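Thanks for coming, everyone. I have one structure to walk through today. Please look at it on the screen while I talk.

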Amino acid sequence: QVQLVESGGGSVQAGGSLRLSCAASLYTGRGARYCLGWFRQAPGKSREGIAGIDTGGPSRTYADSVKDRFTISEDNAKSTLYLQMNSLKPEDTAIYYCAAEFRSLGYVGRLAPDNYNYWGQGTQVTVSS
């Protein structure tokens with residue numbers, strides 16, 4: 001059973017920082033590869049991919065809207081995915097989701113919501129000006 005549980009959301013003023021966590025319960029058979037991503041959805045907008053990784057590899061993909069401000073990382077020992085968010089802006093306000101897929105999605109494919117089958121419940125991030 002796949003479970004993804006986000007935490008760490010909250011309210012912060014513009015320029016501040018937050019770190020989101022995603023506790024991931026995933027099957028990890030021998031040689032298994034999977035892709036993990038962070039997404040967000042603001043009211044009235046479609047879900048946006050903002051950061052993604054293929055687990056165990058060095059490559060990271062970021063949306064232009066968060067590049068140089070957000071950092072995705074993983075702690076395999078804790079089975080946890082993180083999103084460090086710095087220099088937050090009011091336009092970063094959204095519900096943030098982590099997602100997993102049991103295959104490598106490639107540099108661009110990591111940010112496409114339709115490529116993922118497993119999702120967390122989301123955590124709210126609100127940035128005030």
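**A loop, a sheet and a core**

Let me start with Asp92, which sits in the loop between E8 and E9. Those labels are DSSP runs, numbered from the N terminus: helices (H or I) have at least four residues, strands (E) at least two.

Before going on, a word on the source. This is a predicted model, where local features need pLDDT of at least 70, side-chain atom pairs count only at pLDDT 80 or more, and totals for chains, interfaces and linings use all residues. Residues are numbered from 1 along each chain as its sequence is written, and side-chain values use heavy atoms, with hydrogens and water left out.

Is Asp92 buried or exposed? Asp92 is buried, because its relative accessible area is 0%. Buried means under 20% relative accessible area, exposed means over 50%, and partly exposed is in between, with a 1.4 Å probe and protein chains only.

What does Asp92 touch, leaving aside neighbours within four places in sequence? Its contacts are Arg40, Arg69, Phe70, Ser87, Val125 and Val127. Contact means heavy atoms within 4.5 Å.

Asp92 pairs with Arg69, and the closest N and O atoms are 2.8 Å apart. The cut-off is a side-chain nitrogen of Lys or Arg within 4 Å of a carboxyl oxygen of Asp or Glu. This pair links distant parts of the chain, 23 residues apart, with Arg69 in the loop between strand E6 (60-62) and E7. Both Asp92 and Arg69 are buried. Salt bridges also tie Arg40, Glu48, Arg69 and Asp92 into a network.

How many salt bridges are there in the whole structure? The search finds six. Another is Arg110 with Asp54, at 3.4 Å between the closest N and O atoms. Here 56 residues separate the partners: Arg110 is in the loop between helix H1 (106-109) and strand E10 (118-119), and Asp54 is in strand E5. Arg103 and Glu101 make one too, at 3.2 Å. Arg103 is partly exposed, since its relative accessible area is 41%. Glu101 counts as buried, because its value is 8%.

Now the sheet. Four strands form an open sheet, in the order E1-E3-E8-E7, with antiparallel pairing. Two strands pair if DSSP finds at least two bridges between them. Strand E1 (3-7) and E7 are the edges, each pairing on one side only. Inside the sheet, six bridges join strand E3 (residues 18-25) to strand E8 (residues 80-85). Leu18, for example, has Met85 in E8 as its bridge partner.

Next, the core. The largest nonpolar core has 30 residues, and Trp38, Phe70, Ile72, Leu81, Leu83, Met85 and Tyr96 touch the most other members. Such a core is a set of buried Ala, Val, Leu, Ile, Met, Phe, Trp, Tyr and Cys residues joined through side-chain atoms within 4.5 Å. A second, separate core has five residues, including Cys35, Phe39, Ala99 and Leu105.

Take Ile72 from that largest core. It lies in strand E7 (residues 70-75). Ile72 counts as buried because its relative accessibility is 2%. Beyond its neighbours within four places in sequence, Ile72 contacts several residues, among them Leu36, Trp38, Ile53, Tyr62 and Leu81. Leu81 has contacts of its own that include Leu20, Cys22, Trp38 and Cys98.

That is the tour. Questions are welcome.
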